[in-house]
Amino acid sequence: MATTAVTPERANYLNAEYGVKSWLLTVDHKRIALLYLLSVTLFFFLGGFFALLIRLELLTPAGDLMQADTYNKVFTMHGIIMVFFFLIPVVPAVLGNFLMPIMIGAKDLAFPRINLLSWYLYVIGGLLILHCMLTGGVDTGWTFYPPFSTSFSNTKVVEAGLAVFVSGFSSILTGLNFIVTVHRMRAPGMTWDRLPLFVWANYATSIVMILGTPVVAITIVLVALERTLHLGIFDPKLGGDPLLFQHLFWFYSHPAVYIMILPSMGVISELITCFSRKRVFGYKFVALSSVAIAVLGFLVWAHHMFVAGMSLYAGLIFSFLSFFVAVPSAIKVFNWTATLYKGSISFTTPMLYAFGFLGLFTMGGLTGLFLAALGVDVHVTDTYFIVAHFHYIMVGGVLMGYLGGMHFWWPKISGRMYPEFWGKLSALIVFLGFNLTFFPQFILGYMGMPRRYWQYPPEFQILNVLSTAGASVLAVGYLLPMIYFVWSMRYGKPAPDNPWNAAGLEWMTSSPPPTYNFDETPVVTWEAYNYEELNKKEEVPVER
Amino acid sequence: MSDSEVAVHNPALRHHFAEVEQQRNASSLGMWLFLVTEVMFFGGMFCAYLVYRTAHFGDFAAASSTLDLKLGTINTAVLILSSLTVVMAVWAAQTGKQKALVMYLLLTIVLGLAFLGVKGVEYAEKFEKHHVPGPTFHFAGAIPGHPDHPADPRHAEMFFSLYFVMTGMHAVHMIIGIGLFAFLAFKASRGAYTPAYFTPIENAGLYWHFVDIIWIYLFPLLYLIDRHK
Ligand SMILES: [Cu+2]
């Protein structure tokens with residue numbers, strides 16, 4: 001991982017120590033972030049491989065590439081890996097881990113060893129799911145609904161559940177660590193209303209992590225016990241209620257969407273202010289809307305169950321609340337747009353990703369309102385409309401934010417610049433490929449193509465072919481950054497400390513930062529995003 | 001923690017904290033947050049229990065009346081007593097009484113083990129009476145207050161499922177706590193804790209109180225349904 005340079009380098013966290021042991025036993029949050037980067041990327045490509053299998057099967061109407069049972073296992077593995085092993089940890093555990101302490105002027109997270117423990121739990125969970133995958137897989141879908149998961153499925157439900165359980169504790173400990181860090185580790189002068197919005201976003205995410213994850217953990221334990229020891233908790237034969245499982249499951253798994261999207265929203269706030277050279281419009285609204293999303297996000301879970309046999313009265317309430325939770329997200333989008341207004345915008349790679357995020361997230365959010373409406377939801381439940389909707393949020397939103405952030409902070413993380421031309425090209429390819437993949441799925445779903453089937457009537461073929469073609473374009477878009485990031489570690493131009501002339505403490509330390517982040521603990525005397533001041537003493541940026 | 005002279009030279013201060021007070025505040029906030037996650041963890045089970053108890057009240061009352069009230073009460077007393085010994089341990093650490101600290105920690109362990117022993121006796125009784133959920137489950141009680149109205153054995157099986165999951169999960173937490181106190185007692189006997197640094201004792205104490213509180217809720221919910229009839 002270390003960069004090789006001819007000239008003697010400044011001491012930094014990468015060249016502080018060498019050898020496998022110095023990585024596996026590190027308590028430096030920056031090194032742990034890189035451990036996460038590596039493992040999360042592996043799982044991303046594994047999950048992507050399953051996505052490709054799905055798209056290949058759906059290239060033709062007949063079920064010709066695999067059996068129906070295999071298809072069930074493939075989409076289950078795609079879901080479990082992408083949700084629990086990629087989307088949930090990706091932004092907080094990689095970018096958050098790296099940046100949170102630096103952004104608030106701390107030497108490390110509050111509990112460095114617990115941070116390392118989080119990574120090991122993640123790895124153990126990951127190995128369990130790999131073992132499960134290689135020894136037969138699981139076919140319940142990532143949602144583990146009983147009574148299928150408890151009484152009927154003949155696949156490795158317990159092992160998959162255990163993997164999710166263990167990785168859940170990784171997420172809980174990360175959240176706990178972040179909250180304590182923000183409360184107790186801020187540098188002098190770093191008041192709550194000077195925190196970068198990325199920190200606010202991760203703080204809100206952490207609240208969801210520690211309140212939601214334990215509930216899904218115990219729910220999965222109950223499923224496992226029912227399956228192995230034949231306890232009766234959700235079993236309708238004993239008078240149990242499978243709907244209770246759905247309530248408990250979605251109590252976590254709806255807020256989990258905010259675990260995924262909130263940190264990316266935080267990234268976008270950083271990108272848009274920097275490349276508009278303006279203080280973010282309505283700092284307090286953007287900051288508190290993160291917290292509002294975290295809180296309101298806990299009150300809408302049953303919109304996943306409108307057709308599951310819930311009472312109409314409950315349906316009405318959850319429908320209303322689901323509309324309501326769109327308000328803080330809309331506040332963010334409006335504020336970002338207002339930040340752009342009259343800004344001096346530069347179209348760098350991170351900014352292109354940020355624009356991609358704005359468009360795709362807005363699409364995903366607005367189609368979410370279709371689904372919050374009871375009548376429309378009944379029509380499109382369990383169709384490709386849903387699939388398209390949540391991929392616009394999770395892939396269009398989360399991944400665009402993540403990649404934008406990776407490009408923005410890569411100079412800080414690696415000490416090297418990535419090639420700007422290839423960066424812009426990747427942003428363009430990802431955006432086009434994404435829309436080509438998932439826009440046809442809105443139409444397919446609206447026309448009535450159900451999800452989770454391995455074959456379909458021939459009239460759906462054209463749109464499915466478009467979607468599969470888009471997926472291959474998307475794959476190229478994701479491979480490109482992989483390649484040039486690795487390339488740049490060796491051949492990229494050395495990065496200056498502040499290549500974007502951006503605000504924020506992370507740009508005031510060297511690139512890459514020293515082990516304890518700052519040579520001297522910084523004292524903050526300015527407001528967040530003071531671009532008006534920075535613009536006055538504008539330096540020549542390295543390469544735009 | 002008033003003596004800043006002690007704070008500066010405290011060997012327990014970790015590199016990334018500026019001062020001992022900050023470190024102490026951080027770990028205690030961390031512990032409280034951990035307990036919040038524990039509340040949510042048990043919350044899932046309490047939620048399931050309350051839903052089914054409301055839906056099948058009579059059957060749950062019938063199943064509940066077969067639990068041994070005497071043993072349950074004794075265990076409640078044992079646990080409350082152990083909370084007292086934990087408080088005494090924290091006090092001993094605070095005032096630098098090393099011997100007393102070790103003694104109170106060991107006393108807590110003994111009380112914890114006593115609780116688990118009684119729990120084991122109760123579990124054994126369930127096996128004898130075929131009250132363990134599964135293929136061998138058998139239940140033939142009547143709904144309290146309605147002697148000629150037999151309880152639905154399927155719902156009774158659900159009660160016992162929840163009984164075993166909830167008390168079992170509580171017992172797992174007790175075992176972890178006992179392990180924790182054994183470790184702390186060992187460290188304390190070597191003088192690891194001083195009035196300037198005893199956060200681990202405090203945090204373990206918080207954890208133990210939490211485990212106690214869970215039982216304080218479990219006891220009436222599981223043992224005391226409709227006993228007056
Ligand atoms: Cu939802």
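Some ground rules. Residues count from 1 along each chain as its sequence is written, chains are lettered from A and ligands numbered from 1 in the order written, and side-chain values use heavy atoms, leaving out hydrogens and water. Because the model is predicted, local features need pLDDT of at least 70 and side-chain atom pairs count only at pLDDT 80 or more, while totals for chains, interfaces and linings use all residues.

Interface first. How many residues of chain B are in contact with chain A? There are 33, and they meet 40 residues of chain A. Contact here means heavy atoms within 4.5 Å. The buried area between chain B and chain A is about 3,100 Å². Carbon and sulfur atoms give 75% of that. Buried area is the accessible area, with a 1.4 Å probe, that two parts lose on being put together, summed over both.

Now the polar side. Between chain B and chain A, nine residue pairs are in polar contact, both partners at pLDDT 80 or more. A polar contact is a pair of N or O atoms within 3.5 Å; within protein, one must be able to donate a hydrogen and the other to accept it, and residues adjacent in sequence count only if both atoms are side-chain atoms.

Which elements of chain B give two or more residues to the side that touches chain A? They are α2 (20-55) and α6 (153-189) of chain B. The largest share, 18 residues, comes from α2(B). Helices are DSSP runs of H or I, at least four residues, numbered from the N terminus. By residue type, this side of chain B divides into 18 nonpolar, 12 polar and three charged. For the classes, Ala, Val, Leu, Ile, Met, Phe, Trp, Tyr, Cys and Pro count as nonpolar, Asp, Glu, Lys and Arg as charged, and the others, Gly among them, as polar.

On to the core. The largest nonpolar core has 263 residues. Such a core is a set of buried Ala, Val, Leu, Ile, Met, Phe, Trp, Tyr and Cys residues joined through side-chain atoms within 4.5 Å. Buried means under 20% relative accessible area, exposed over 50%, and partly exposed in between, with a 1.4 Å probe and protein chains only. A:Ile80, A:Leu95 and B:Phe159 touch the most other members. Helix α3 of chain A, residues 68-103, gives the largest share, 23 residues. Beyond four places in sequence, B:Phe159 contacts B:Tyr49, B:Phe60, B:Ala63, B:Ser64, B:Leu67, B:Leu222 and B:Ile225.

Another phenylalanine. A:Phe357 sits in helix α11 of chain A, residues 349-372. Is A:Phe357 buried or exposed? Buried, at a relative accessible area of 0%. Its contacts beyond four places in sequence include A:Ile261, A:Trp336 and A:Met400. A:Ile393 is 36 residues away in sequence, and the C-alpha to C-alpha distance is 9.1 Å.

Next, salt bridges. Over all chains, the structure holds eight. One pairs A:Glu527 with A:Arg194, closest N and O atoms 3.2 Å apart. A:Glu527 lies in the loop between α15 and α16 of chain A, and A:Arg194 in the loop between α6 (157-184) and α7 (197-229) of chain A, so the pair ties together parts 333 residues apart in sequence. A:Glu527 is partly exposed at 38% relative accessibility, and A:Arg194 is buried at 17%.

A:Arg451 and A:Asp382 form another, at 4.0 Å between closest N and O atoms. This pair ties together parts 69 residues apart in sequence. A:Arg451 is buried at 17%; A:Asp382 is partly exposed at 46%.

In chain B, B:Lys129 and B:Glu125 meet at 2.7 Å, N to O, in a salt bridge. B:Lys129 is partly exposed at 39%, and B:Glu125 is buried at 18%.

Last stop, the loop between α15 (461-491) and α16 (531-536) of chain A, where A:Ser510 is found. A:Ser510 is buried at 12% relative accessibility. A polar atom of the A:Ser510 side chain lies 3.3 Å from the backbone oxygen of A:Pro512. Beyond four places in sequence, A:Ser510 touches A:Arg10, A:Lys412 and A:Asp497. A:Leu505 lies in this loop too, buried at 4%. Among its contacts beyond four places in sequence are A:Ile102, A:Met190 and A:Trp526.

Note on methods: A salt bridge is a side-chain nitrogen of Lys or Arg within 4 Å of a carboxyl oxygen of Asp or Glu.
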